[in-house]
Amino acid sequence: MHDTQLPTYKPKDFATDQDVRWCPGCGDYAILKAVQKTLPTLGRRKEDYVFVSGIGCAARFPYYMDTYGLHSIHGRAPAFATGIKLANPALDVWLVSGDGDLLSIGGNHTMHTMRRNVDINILLLNNRIYGLTKGQYSPTSEFGKKTKSTPVGSPDYPVNPLSWAIGGGCTFVARSIDIDVLHLEKVMARAAAHRGTSFVEVYQDCNIYNHQTWFYASQKKTRPDSTIQLEPGKPMIFGADSDKGLQMDGTRLKVVELGNGVSESDLLLHDETDRGLAFMLTQLSFPEFPEPLGIIYASTEQETYDHVVHEQIRQAIEMDGKGDLHKLLHEGETWVVEDD
Amino acid sequence: MSTDTDTAHRHVDTKPVDAVAIRFCGDSGDGMQLTGGLFTNTAALFGNDIATYPDFPAEIRAPRGTTFGVSGFQVQFASTDIFTPGDAVNALVAMNPAGFKTNIMDVEPGGIVIVNEDEFNKANFKKCGYEASYDPLDDDELNRRYQIVRVPMTRLTRESLTDAGMGAKDVDRCRNMYALGIVCWLYDRPLDPTIRFLDNFFGKKKDKPEVAAANIKALKAGFFFGETAELFPVRYQVARARLNPGKYRKISGNEATALGFVTAAAKANKQLVYASYPITPASEVLHTLSRLKRYGVTTFQAEDEISAVCAAIGASFAGQLALTGTSGPGLALKGEGIGLAVMLEVPLVVIDVQRAGPSTGMPTKTEQADLLMALWGRPGESPCIVVAPRSPSDCFDMAIEAFRLAVRYMCPVIYLSDGYIANGAEPWLLPDLDAIEPIQIEHPSETNNPDGTFLPYKRDPETLARPWAIPGTEGLEHRLGGLEKEADTGNVSYDPENHDQMVRTRAAKVLKAADIIPLLEVRGPESGDALLLGWGGTYGTITTAGDELREAGHSVSTAHLQYLNPFPKNLPDVLGRFKTIIIPEINLGQLLKVIRAEYLIDAVGINEMRGKMFRIADLVEKTLQIIGR
Ligand code: SF4
């Protein structure tokens, strides 16, 4: 289709002329920047990107990306993305939306897109609140959280997006955080390279309605002890002084201090392809455990949905030839009425 | 006629008739749909005009012998041009008391009722709610009213298959072919097409030649029984119909719908992307299209109705012909998505095979009560083009028409079929594919603004459509969304004047379609006492009622709308030429409301919601009441 050489893009080539309307200090700015910095490194043409979103603050994302974009309706972005891939599998589809959009009203679609393994990248900007509708609790808000719609505390237990993704059969599951642009870029580049649904949860600060909700994980002082950076094949070490780690204790994970007879070689090694381990990791939550950041699970064993669908079409044509419409209409028993 | 069956052992008079309506009924396991279908094929191949209507049971596998497990299939075959499966049944074949009980009232006085006598026993009377002591076959009143012909079909079928080497259950499964044999004798139709089918289906496809042989044996046994048993004083013969010359096949509305959309995609040089969620009575479209991968069809069985419409919109945005299909409950769920397509101004076709509502209603029964939802059932001012096929074969033409309009005006088109035409079948004069106009689509590759930028909402002055630029096109990157658009640029805008203009423009664009849709045709005189105005699946019935009324000397014409938004341009003119406008609909008066509101005409409705098509006789009678005759 394209005979010209791939242009060299800069991040600003992916920025539109639209004023960015997020609140000052919103975590979305950093994420936008990280995406705009990542795309030029991926070796794809600008016109082949499509950004799709649902409704919510995060869902404004496509307006700020100078690519093809579809700001759709609440919760349904995964379905639009699926349709785009069915129509043209060559397109590189990114879905950016929030926790309310992807996990509440759109939970059904998110789950089914994951289990089908549609070849798209999903960025879940999780701020644990409804921002655009001005501060109601979201499906990731903590139990008991006081918000405009839960004056005496939320009676809902929150969903764990990454456990859900693993359970839903997602083939790439990762987590990053808005304040660490370098980490975001690294994770996104891996997500982009993955064939199949990639699901990246990004801890995002809503400056207005849920400020500091992720501070334990984002602030320099607390971050080393509240999070753990996963590296494939490496022991699971964390802590300000890299003095803590994760170990298996029977069927469970436990935090151990290094020293006193415990060495790095006693720690669990991260294996991105182990789904059982991945589920355990997604279950870790602060303060009992450090929360994992990085690539939690990545499997290439499953074919993508779009590939399977188009392969079925290719095979049908290979087997019986391209359909002849005339023959199709004239199929079955026919009879002729003569002119009289 | 096959040589096996044409030596008559006794002389029976043959009486020529113009048209016969036969209904086969029995338990859902009795194979009534197959039996009716085979008789239909036989009549069609012989050269009769045909129209069928299958009446499916409410439950898939209801307990045997109950009234809600009754499956029926009606076919009318004729030597004249017919439009419906017929009002009154001339001959009923009832395989059990439940079938008898639920169908007998539709048989014309004096009509033939062939029953499987062996099933008329106390146990079966109880199952279908007759008093155990009451045998309807002995009812004097019923015997006076109908020619009840008792045939011990179970016993005779078993006797004819004693050496077939099959179990009792399998032998009993051949009873429907025995019944079909009797009917073929009675109406002088050849057995060859049925024998051919049985050989192919059971013999070759299922690799059960013994089953094929047994069925064929039962069929012939039934035929010979008719010939020798002296139960019928006359045979009936329906001559060939004078249909337009050409090659025909039998087609149901759902089949024609699927084929029409495949043809539309071919004519547009596009892939067809069909996204749907299973729902009665539309699922057959999904089944058919999913088998047509070689014809450029991609199907997607979505997780729900909403996903289906949204995936279709995504496919449209990405540049293919996007279709979604459902029935009423699904159309309700798709409303928000369709509204987005209105806003994005992308082509999309939505099939609604209407069924009886509200809510789950009666999924296997027909109705026309989704018209107002199709016209207005979305938030905000979100006009769609609405079309409605009027007969099974018309589904093919209207499907092509739907996409032609959707891509020309860059908007959603709702295609209102219904359970009656979706499942009903008629002969279809096979179209000349080359004579079907190509569907013109242009995807811009250049920017459309002198300053070198791309304006996704800059309109074509003739159609008011915006350009359909698709992802993958260099330099035309743009964002679409559900927020109100600024004219030309498509940027988000809350400007009051702009919104007012955009709402009006989207509505004006849809009305523009009237420029190319055909004018409404009147059947009968161009003016007169009354016009029967209908839409959708009632075409055959209303047309036949109108013809009968005119034959009886009344000044009544008929017209049938296939385009419901916008209306044909000459509609007000047509309406103005009749003293009374009568609008028969299988709803509480939905088109009626629109016509009254649009044209300030005191139109009158004829409305029924029985999950069935109107009876022609009822339409005739009610029309006469309205015009005061
Ligand atoms: S409300 Fe919260 S999430 Fe929304 S833009 Fe403002 S800071 Fe960001």
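**Exercise 1.** Determine how helices α1(B) and α7(B) are oriented to each other.

*Solution.* In this predicted model, local features need pLDDT of at least 70, side-chain atom pairs count only at pLDDT 80 or more, and totals for chains, interfaces and linings use all residues. Residues are numbered from 1 along each chain as its sequence is written, while chains are lettered from A and ligands numbered from 1 in the order in which they are written.

Start with the angle: α1 (residues 32-46) and α7 (residues 175-186) of chain B pack at about 30°, and their axes are 10 Å apart. Helices here are DSSP runs of H or I with at least four residues, and axes are lines fitted to C-alpha atoms over the stretch in contact, with angles from 0 to 180 degrees between N-to-C directions. Angles under 35 degrees count as roughly parallel, and α1(B) and α7(B) are therefore roughly parallel to each other.

**Exercise 2.** Identify the residues by which α1(B) and α7(B) make their contact, and sort them by class.

*Solution.* Residues are in contact if their C-beta atoms, placed from the backbone, lie within 7 Å. From α1(B) come B:Met32, B:Leu34, B:Thr35, B:Leu38, B:Phe39 and B:Thr42, and from α7(B) come B:Asn176, B:Ala179, B:Leu180, B:Val183 and B:Cys184. Sorted by class, this contact has eight nonpolar, three polar and no charged residues.

**Exercise 3.** Describe how domain 1 and domain 2 of chain A meet.

*Solution.* The domain assignment gives domain 1 as 11-230 + 270-307 and domain 2 as 235-269. Their centres, taken over C-alpha atoms, are separated by 29 Å. Ten residues of domain 1 of chain A are in contact with seven of domain 2 of chain A.

Note on methods
Helices (H or I, at least four residues) and strands (E, at least two) are DSSP runs, numbered from the N terminus. Angles under 35 degrees count as roughly parallel, over 145 as roughly antiparallel, 65 to 115 as roughly perpendicular and the rest as oblique. Two residues are in contact if their C-beta atoms, placed from the backbone, lie within 7 Å. Ala, Val, Leu, Ile, Met, Phe, Trp, Tyr, Cys and Pro count as nonpolar, Asp, Glu, Lys and Arg as charged, and the others, Gly among them, as polar. Domain bounds come from an automatic or database domain assignment.
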